[in-house]
Structure formats: structure tokens, C-alpha cells
Amino acid sequence: MHTVEVGVFMPSLLTLLALAAPGLVSHALAFAPTAGAGVAPNRTEVYHMPAQLRLRHTPAWEEFTQGEGAGWLARFDEREATARRAWGPGIPLGDVDHADAVEASLRTFLSRNAGIVGVDPDLLVLRNIGYSATMDTWYVDFDRLISGAPVWGGGVTARVRGGELVLFGVSTYPSVESLPKPMFSAADAERVAQLQGPAALAEHTGLVSKLVALPWDRAGGLDVRLCWEVRSHTESPIGNWVTHVDAASGERLNTYNEISTFTGTIQGTTHTRTLDGDYTTSAFPLGKLTGADGTTQYASEAGVVTLSDSTTWTATLSSSYLTVRNDSGAEGALPVTSSSLTWTSASATQAEIDTYKFVFDVRAWAQEMAPDNGMGIDTLTAKVNVSGNCNAYYDGNLNFYDEGGGCNNTGEIADVVYHEWGHGFHYYELEAGVYDPSISEGIADTLSTLMTHDSRIGPYFYTSGGSIRDTSPDYVYPTDVTGESHQDGLIFAGAMWDLWDELNTTYGETRADSGSGWRTASLLLANGLHAGPTIPESYDEFVLADDDNNNTVDGTPHFCEILEAFGRHGLGPGGTSSVIGIDHTPIPNQPSNTPIAFDGAVVNLAPGCTEFTLADVVIHYSTDGGGTWLDAGGALSGDAFTGDLAGFPGGTIVNYYVSATALDGTEVMLPSGGDIAPYTFYVGQLEEVWCASFDDDDGGFTHELLDGRETEGADDWIWDRPTGLAGDPSDAYTGRKIWGNDLGGGNFNGEYQAGIQNRLSSPAIDVGTNTELILQYRRWLSVEDGYYDQARVLANDGEVWSNHATAENPGNEQTEDHEWMLHTLRLSRAGNPITLGWEIQSDQGMEFGGWNIDDVCLYAPAADMPDDSGDSDSNGDSAGDGPTDSADNSKITVGHSCGCASAPGVPWPAAGLFVALLATRRRQSVLRQG
Ligand SMILES: [Zn+2]
């Protein structure tokens, strides 16, 4: 504490404050300097070792130290050569039990050592003398008069302890023998002091003036100037003003306020983000301070306060906006002085301090992005250290649980505070719609990521350091819907994370830039929620929020990024597939030897985002079950195509798929799996042997687990209405019910289980004498590459069909139907009766939606009618039909009896329209800069 001095001057004060608040070396205090209203005009003390050592050899000091001052040391005024402070072994002063005796003894001492005083001791006038019993010390000041005026801040000072002189200081300015007479009167000086001073507009009372000799070293040299020292008082601002006016020039040299107000910034030392050991000290806005006299005031948004020392101020973690309450003890309180403005765990629990900061951080986001949102306006209470652990919630107030149960205190984790605050933000955003809990979780997580620039939610939520969620994986609607709102919210949060990424790519990552990815994503979040969308509705609302001309059809400024990002998560028209689709109605069963017309068109749902100039359309077909493939070209007319397949002989099963190629080589296929899972139809006449529609009964089908652990859902065949989960259809092909693996609902996610083999079996079907049969049924199958998981169709335990398999690991050629496919299979010499089977066998890896089966029929091929070519109805009008209804041959059982031919209740082509173009991207969690 070498800088502690009688005089207080600016550099040492700063140093002192910094030392008093370790760890806050920078910007601990933000002084607001006001011209002329600074500190008292003390000289700056500067010491240089060579000069100090030299000054020990002045005759006066040598004489003193060779006499009674043996062993004394000093710091010298390098200009005046006097001992500004001197200390050493106590020098007995005799009987000093009262003030007069002390003064007399000191005067004797000073006369004995006049050389070190520098001036005639008779020019010293006692100014102060006081005694501290606890210190047993007399404190004595003498003024030195120059031309009758005392030297300001000068003279001689001494400490007498236990009857001995232990310290003295000399600031007598021996070089100045006299000063000129004043040229201005006290009244002149008082006018100058009031009118030119920092409180010129205030009413000054109690004006008193006296002449002083002011050592003035501001101009480089040391001047001792005769000044009028003018004192006055003002109420507003509160001030006891001391002004020095040069008595020779009338210049106001300095003004200071003895009621020392200080301007500082209330701060807090918080976890930077979470409990990873990293701390930050930053300004705390709007905090309330209460004076000992009951007066209150609030810090500014920037945390700045101006306080006077006339009362003791205490800060709390409450403000005009946010009140933080400690649910497990006393509220934090910070006694504020000019050297103590920072909240630390000494003044409140860390959770209180952290929560206060984190709430204001996220409120600042809202003030910029959604200034009307009430969450940033209405008063808010945050309870911390709430009994319980591993959670937090918003119920109109914010609530954060204490540490425990393997979790850290959630009030100390910024992500959690942002998240809970985000629920309130969502609530306040609603102008219509519903407060949907699943999207609310996604909104809250998105806000957290926008604040932290990290896809991970809540690192160190767990004491192990683990985070609680991550928004970067591509969870897809509705496949990945689980029914748990936090998990399902990640579908939306993931879309927003990807949107931000897309926007960064297009518009840059620099957070502060207008139009940057961060800013645009933030504004979309702030503007897209007013209608209260659910997760699947969110795409449309965000496009609408992005629109700038009351027309969303012509695109919006960020339409392509929204389309792409939301599409990657199954939301909007880009959901689970490309925005480029082939609109083509599957060819139904055909009469024999008749040319088959086909047609269709390529549809681009995002012409402003994706180019697709149709260059070529080919129908790829196979008549040997996919062993060999032939091509038939189509004629183009703009985006439309037409063509013909040559007729096929009766009894042919045709597999086919359509591919459309753009000028740039981009290819889309329908069905999207191409030759892995093509369309099929039968050529020739069929006679119904047996059908089951599953509309009114389960067809007498049974099911069993053939292999794997007998747990709930291992044998997951169910006759019910599908729910659309895990790639399953959202409805039956006809009627309401189908047979399928895990149709969703309840605790079921729509997927078959791992490590099982189960089978659905028809009843034994009497097929009479037919030795060759055609099985047709509606299939909606999703199954992993047959290298891993197998889907089989069986007849009397003999395999008739199985899903496509790659030859070797790793296989990713899954079979994924996106519509009710007519599956046509030939059964030869299966015997009588026939039991049909549908089987799934899975490994321990990925699981898919499995089988969905509707409208199963067994037919017997009928005698061919070669001249039946004139009545082709194969141009697509009979979309969705089962066996062809194009011929009037009475042998054809159209299937009304089993419902096989009735069209589904929804517009049929919609389900098969869009074809996957872009592979799903899975990305690692990345910490974004910006
Ligand atoms: Zn939540």
C-alpha cells in the first residue's frame, strides 16, 4: 500500500481500487470525468531513486541523521528538497500528555532541526491536533504561511506515538518567500467559482473565501499561486464545492466536491456460460440500490450509478425488470462503495448472480429482435436454488433448481436460463393458434443456440460436464416424432439450426452485420411465432414471416434457405424429399398385347431455388422380376412427357420406374428407389380366387414371433389404422385398417424392433386346382438394406420375394415406399391350400417402419383374350385400381367384393409425387463463431 498518502490523487486512487478488487483489473470503475469537477488539486508525487538517494546528502538531512535522526529514512520532494515523509526510530519528545505539550515539544524539535523544515518555524501555524487512544498517537498539522496565506496541502505534519516522534512530513516550499498581493477580490472569485464551476446553474449557499498558497504543477513547472479558495454548497446536485481562483489572474484553476460522489458500474462475476470454470465480470443493468437513509436509485441499462458518500448504499439483485429470489436463503446484498461494485459469491449465491446476468442477456436479444414482446417488458421474477434438481421451468416466473442428483445448479447455466426465458417469449408471441409444448421446447432451444452459438444445450447440465440436448442432428418429421416434447422440439430446433447455417452461407456469419445469418435467423424466430404454429405448421409461418410483398407464391427473401432447412427436417414441401417431383400415375394392370400409354410431368415446387430443365424422360421396365431392364423414351413438351410401351403378352408381370433427367444431369426417379422398389402391374386377365381388404375384419390373419426376445412389441403385427410414424402410411389404402408392423400410437414409434423375426400369416386359402397364382396386394414397406434387415413374402413357408440387398457391408440401399405400391408376385405350384406370409427379420442396427399391407388378393391367370386391345384404359384414369377394370370380360373379377379396386379416399397422386433428391445430411455439433 505504498500509495496511501494523506493527499489523495487520481493515479493512486485507481491503483487502490484495482487492488481492492482483485481480478477486476480492467474496467472495474468507469469514471465519468467532468471538466473542472475533478479531485482536489494535490500535486502529483513522483519519486526517482537516484534523486532520492542524492537528497539524503543535503546538509540539513545529513545533520539530522547524524544527530537525533540517526536511522531515519525519507521520501523527498524532488523539487523542494524537503522530506515529504520521514520516519525512523522514535525520538523522545518528553512529557506530551496534552495537546499544548505536544505542540510545544514539536516546535522545539522543529527549531532544533530548522534545516529540515526549510523555513523559519515561526512561519508555522498549528492547524489540527488530535489524539487516537487506540493508536496512542497524536496527529498534528502545521500550516506554513506565505505572505500570510497557508500553503494548500502543505506545511508540516507529525505523528507522536507513546511520547516519541515517529513520523513527520515537510511541505513548506522554502523556495517561495513571498507572493504578490491579490488583484481580485473575494467577491470576484466567488462569482467566478459559481459561474464557471461545474454547478453553474445551481443555487450556491454558504459562500466563504480565504486566500491560500496553492502549489500548482499542472503546467510542467511548479508554481505556488496565491488563490482564493471559495467554498459553497448546492443541493442539486448535492455538493460542497471547493474552487481555487487565481488571485492574480482571476482564472479558475480547480473545483472539486467534498461530498465525493463516484460514478461506477455495478458488475457481477458470473459463470461465462456454465460451470466449466470460466468466469466473466460484466456490467449488471438496472439494479436497485438502497441508501441507509432509505433513498433508492437504479443503475442504468449499462449498470452505471452515481453515488455520494453521504450514505451507505446497498445493491440487490432486483431491478425495475427482474427480481431474483433465493429460494433457499437470504437474498443477496452488495454493500456498494467506490471500491466495491461487483457482485461475487461473497454477496449472493452464484445462482442468483448468474441468473440475473443471463436473463438480462437474453432480454437484450429480445429488445433488438422483438421489442414489443412482453417477456422483455413485464416485470419478471426468477427463483433460484429451488428445492429439487436437474430441472428448471417457466410458469410465469422462471424457476431454477438447486444442484444435486448428478446435475449442476440450473440457475448457473446460461443455456437453461435462455431456454426457460424462451418459453415465456413464445407465450408472449402468440396472437393466435396454440401454445404447443413441443414447438415451445424447440423455440426455447433455438433461442439458447442463438445466444450461445452452439448446438449443444446446457454443457455441464450434468456434473460430468455433459449437455442435455443437441440441435444439430437431423431429426425428421414425422419419422422421428416420439411424443416427448423436448425430443420432438428438436425437429423444429434442428430446422432452425440448419436455417441459420444456410443463412450464414448466403449472408455471412458476422453476428453484428445487418442481414447476417444470425440476425436473420433471430428475426425469423421473433416474427414466425405469432400464429402459434405447431411443428408441422411452422414452415408456412416462417415463410409468411419472411415475406416482403404480401405474396409468398413469388418467393420470399430467404425462401430457399427456409425450404431447404425445414425440408431437411420433414417440414414444408421439401419435407423428406426433393422439391422436384415426377407427377405420374402408376400404370395399372393391362390387357395383353396392347400398347400402353404413359404420361406425366416434372413438377418443381421451388422454381426460384432449384433449376430443373427437363431434358430426358425414360421408363425403365423389366419383365423378368428385375433381372434385366429395358428403356422406353418419352416425348417432352415443356415439363410434360408422354410415351408408349409396346404391348406385353398375357401373363407378364411388369416392373417399371420412371427417371427424368435435367439439362444439368440431375436425375429424379419415381418411385424414388428406382429398380430397388419399382412399380408393378400384371398383363392379362385375372380371376379372383381369394381377397381380404382388412376393412371390416382382420381377414383371419395371425402373427407370431419366430426369433428374438419375447418382449412387448417384438411381435408387433397389428391390424389397425396406421398413424404415419416411421415412414408408415398415414391411412389405409382402402377402408380404415391394414395389417402392419408397429403402426404407432401409445408407446409405439412405428418402427419394427431390433433383433427380431416375426411373421404375419394368412389363413389357409383354398386355391382349388390352380397351380399358378398371381398375388397382388398393396404394399407400403420401409426396411433397411436387405444386407441387414429382411422383409420377405412367403407362400407355404417358401420365399416368394425379399427386399433388395447390397452384396456387402456397408449397404444403404433401403427399400422405402412412399405410396401404396401395387405389388405383383407369381406363385407357382405352391400347393393347396396356400398360406401367405409376410415376415420381417432385423439385426441390431437401424430400424424402419416395416410392413404395411392392404387389399390382398390371390388371382388365377385366365385364358388370354388376344383381341382385347381395343379397350385400353391404361392412360392413368384408373389410378389406384387393383386388377384392371379396363376390360369387360366377365371372367375378370374387378374386386368389388373385396374392396380391392375401390380408390382410396385421398387424392391419390399426392402421396407419390415427390422424390428424394438430396441425401439426408448428418452433421456434427459445431461451435459457431460470430
Ligand atoms: Zn423447456
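**Figure 1. Phenylalanine 492 and phenylalanine 566 are both buried.** Buried here means under 20% relative accessible area, with a 1.4 Å probe and protein chains only. The model is predicted: local features need pLDDT of at least 70, side-chain atom pairs count only at pLDDT 80 or more, and totals for chains, interfaces and linings use all residues. Residues are numbered from 1 along each chain as its sequence is written, and side-chain values use heavy atoms, with hydrogens and water left out.

**Figure 2. Aromatic pair of phenylalanine 284 and tyrosine 356.** Rings of Phe, Tyr and Trp (its six-membered ring) pair if their centres lie within 6.5 Å; planes under 30 degrees apart count as stacked, over 60 as edge-to-face and the rest as tilted. The count by this rule is 39 aromatic pairs. In this one, the ring centres of phenylalanine 284 and tyrosine 356 are 5.2 Å apart and the planes stand at 20°, so the pair is stacked. Phenylalanine 284 sits in the loop between strand S15 (279–283) and strand S16 (287–291), and tyrosine 356 belongs to helix H7 (residues 350–369), 72 residues apart. Helices (H or I, at least four residues) and strands (E, at least two) are DSSP runs, numbered from the N terminus. Relative accessible area is 2% for phenylalanine 284 and 1% for tyrosine 356.

**Figure 3. Aromatic pair of phenylalanine 492 and phenylalanine 566.** The ring centres of phenylalanine 492 and phenylalanine 566 lie 6.3 Å apart with planes at 80°, so the pair is edge-to-face. Phenylalanine 492 is in helix H10 (residues 485–507) and phenylalanine 566 in helix H13, 74 residues apart, and the pair thus links distant parts of the chain.

**Figure 4. Packing of helix H12 (residues 538–546) with helix H13 (residues 559–567).** The two axes, lines fitted to C-alpha atoms over the stretch in contact, are 10 Å apart at an angle of about 165°. Angles run from 0 to 180 degrees between N-to-C directions. H12 and H13 are therefore roughly antiparallel, the term for angles over 145 degrees. From H12, Ser538, Tyr539, Phe542, Val543 and Asp546 meet Phe559, Ile562, Leu563 and Phe566 of H13; contact means heavy atoms within 4.5 Å. By class, seven nonpolar residues, one polar and one charged make up the contact of H12 with H13. Ala, Val, Leu, Ile, Met, Phe, Trp, Tyr, Cys and Pro count as nonpolar, Asp, Glu, Lys and Arg as charged, and the others, Gly among them, as polar.

**Figure 5. One aromatic cluster.** Trp690, Phe694, Phe701, Trp739, Tyr777, Trp801, Trp838 and Trp851 form the cluster.

Conventions:
Angles under 35 degrees count as roughly parallel, over 145 as roughly antiparallel, 65 to 115 as roughly perpendicular and the rest as oblique. Buried means under 20% relative accessible area, exposed over 50%, partly exposed in between (1.4 Å probe, protein chains only).
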